[in-house]
Amino acid sequence: MSDADGFPQYRRDIQYSDDSIANTLELCIPRPTTHDPKQVWVVFIHGGAWRDPEIDSSSFRKAQELLLRSPVAESIAGLASINYRLSPYPSHPQSPSNPSDPARNARHPDHINDILAALLHLQETFRFDDRYVLVGHSCGATLALQVAMKRYWGAQYESTFALELNVVPPVAILGVEGVYDLPALVSDHSDQLIYRDFVKNAFGSDEATWAAASPARYVDFEDSWPDGRLVVLAHSLEDELVEFEQPDLQRHLLERQGWSTEPGDRQLRVVDLHGTHDGVWQDGTELARAIETTVQSVQTML
Ligand SMILES: N[C@@H](CC(=O)c1ccccc1NC=O)C(=O)O
């Protein structure tokens, strides 16, 4: 893949804000920039229930390598994977979180504000505007759709005014093994305490906040994401952690707001994947396949 010019170029540990050591991203530039308007960026948001220190931006690397060798490689101008502050995980067996660590004590809307800050950094550096596919795995899919829900979440940082003005939402969003409805996820797993635990750690104990942050309960995509053209919901029936009900709820909500599987301005696609919840990125083939089909669909819309 690499040629004499030193491409693809890989950059890691790019600090996009000073909030914590977790506020970094990594990227891959496949070839010298051409400014082809048909090319898109692929930006990945990892999962791990907003708290798992063992799942980070590196979870994109396998799929990234496969994409660089795939037929859609020519259509990809750059790839990025974002780290963001995590919520507390004091019971983690190897790496329990410390209450004084700003990288491990986030509470909603910190996670989404970090994602917005990272996107702003990428857009200011590479000027791709809305020409990107925002991909999220598991809670990363929640975050990806939250970018399209509104660009301004909460007032705890004075700098968010800049984010509200400047972050351009993507032309397409791909959710992979995604969480879209938090109250449903918790009640479907009422016998497994970890679900309630990680949602409480990330969003607090007020269940109204869980619903308000859930993309599958958001009624205003039309206003908040007027230029959104494509949502792809990719999910495996073999996912042992997040059931198919989650993308089904998201699909129904979008259908009620004018999104359709028929050709049109606001397209919705459901893609069946194979493998376990984390297997799809660990192996990388299924994550790469979902991204490939999304990039291909987006080409017809640019
Ligand atoms: N590995 C995670 C669990 C996890 O990622 C997860 C578990 C159930 C449903 C969704 C999950 N992840 C979503 O981002 C943890 O240790 O908390």
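How many C-beta neighbours does H277 have inside 10 Å? The count is 19, and H277 is classed as partly exposed, because a residue needs 20 or more such neighbours to be called buried. The views below start from the whole chain and come back to H277 along the way.

**View 1. The whole chain, as a predicted model.** Eleven helices and eight strands make up the secondary structure of this protein chain. Its radius of gyration is 18 Å, close to the 19 Å that the globule rule gives for 302 residues, so the chain is as compact as a globular protein of that length. Of the 302 residues, 45% count as buried. Among contacts with a separation of 6 or more, 75% join residues 24 or more positions apart.

**View 2. Three residues listed by UniProt come together here.** In an unreviewed entry, UniProt gives S138, D239 and H277 under "active site". These residues span 140 positions in sequence, yet no two of their C-alpha atoms are more than 10.6 Å apart, so they gather at one spot.

**View 3. S138 sits in a loop.** Look between strand β5 (132–137) and helix α3 (139–149) to find S138. This residue is buried, with 29 other C-beta atoms within 10 Å. Setting aside neighbours within four places in sequence, S138 is in contact with G47, G48, E177, G178, V179, V242 and H277.

**View 4. Back to H277, in the loop between β8 and α10.** Strand β8 covers 267–273 and helix α10 covers 279–282. Not counting residues up to four places away in sequence, H277 touches S138, E177, D239, E240, L241 and V242. Two of the UniProt-listed residues, S138 and D239, are therefore among its contacts.

**View 5. The ligand and the residues around it.** The ligand is surrounded by G47, G48, A49, R51, D52, S138, C139, V179, F198, L241 and V242. Sorted by class, this shell holds six nonpolar, three polar and two charged residues. S138 turns up here again, as it does in the "active site" listing from UniProt.

**View 6. Inside the largest nonpolar core.** This core has 81 residues, and those with the most contacts inside it are V42, V43, I115, V133, V135, L174 and I291. Helix α2 (residues 110–126) gives the most to the core, with eight residues. Zoom in on V42 and you find it touching I76, L79, Y132, V133, V135, I291 and V295, leaving out residues up to four places away in sequence.

Terms used: Residues are numbered from 1 along each chain as its sequence is written. This is a predicted model: local features need pLDDT of at least 70, side-chain atom pairs count only at pLDDT 80 or more; totals for chains, interfaces and linings use all residues. A residue is near a molecule or strand if its C-beta atom, placed from the backbone, lies within 6 Å of it. Ala, Val, Leu, Ile, Met, Phe, Trp, Tyr, Cys and Pro count as nonpolar, Asp, Glu, Lys and Arg as charged, and the others, Gly among them, as polar. Helices (H or I, at least four residues) and strands (E, at least two) are DSSP runs, numbered from the N terminus. The radius of gyration is taken over C-alpha atoms; the globule rule is 2.2 Å times the number of residues to the power 0.38. A residue is buried if 20 or more other C-beta atoms lie within 10 Å of its own, exposed if 12 or fewer, and partly exposed in between; C-beta atoms are placed from the backbone. Two residues are in contact if their C-beta atoms, placed from the backbone, lie within 7 Å. UniProt positions are given in the numbering used here, feature names are shortened, and annotations may be inferred rather than shown by experiment. A nonpolar core is a set of buried Ala, Val, Leu, Ile, Met, Phe, Trp, Tyr and Cys residues joined through C-beta atoms within 7 Å.
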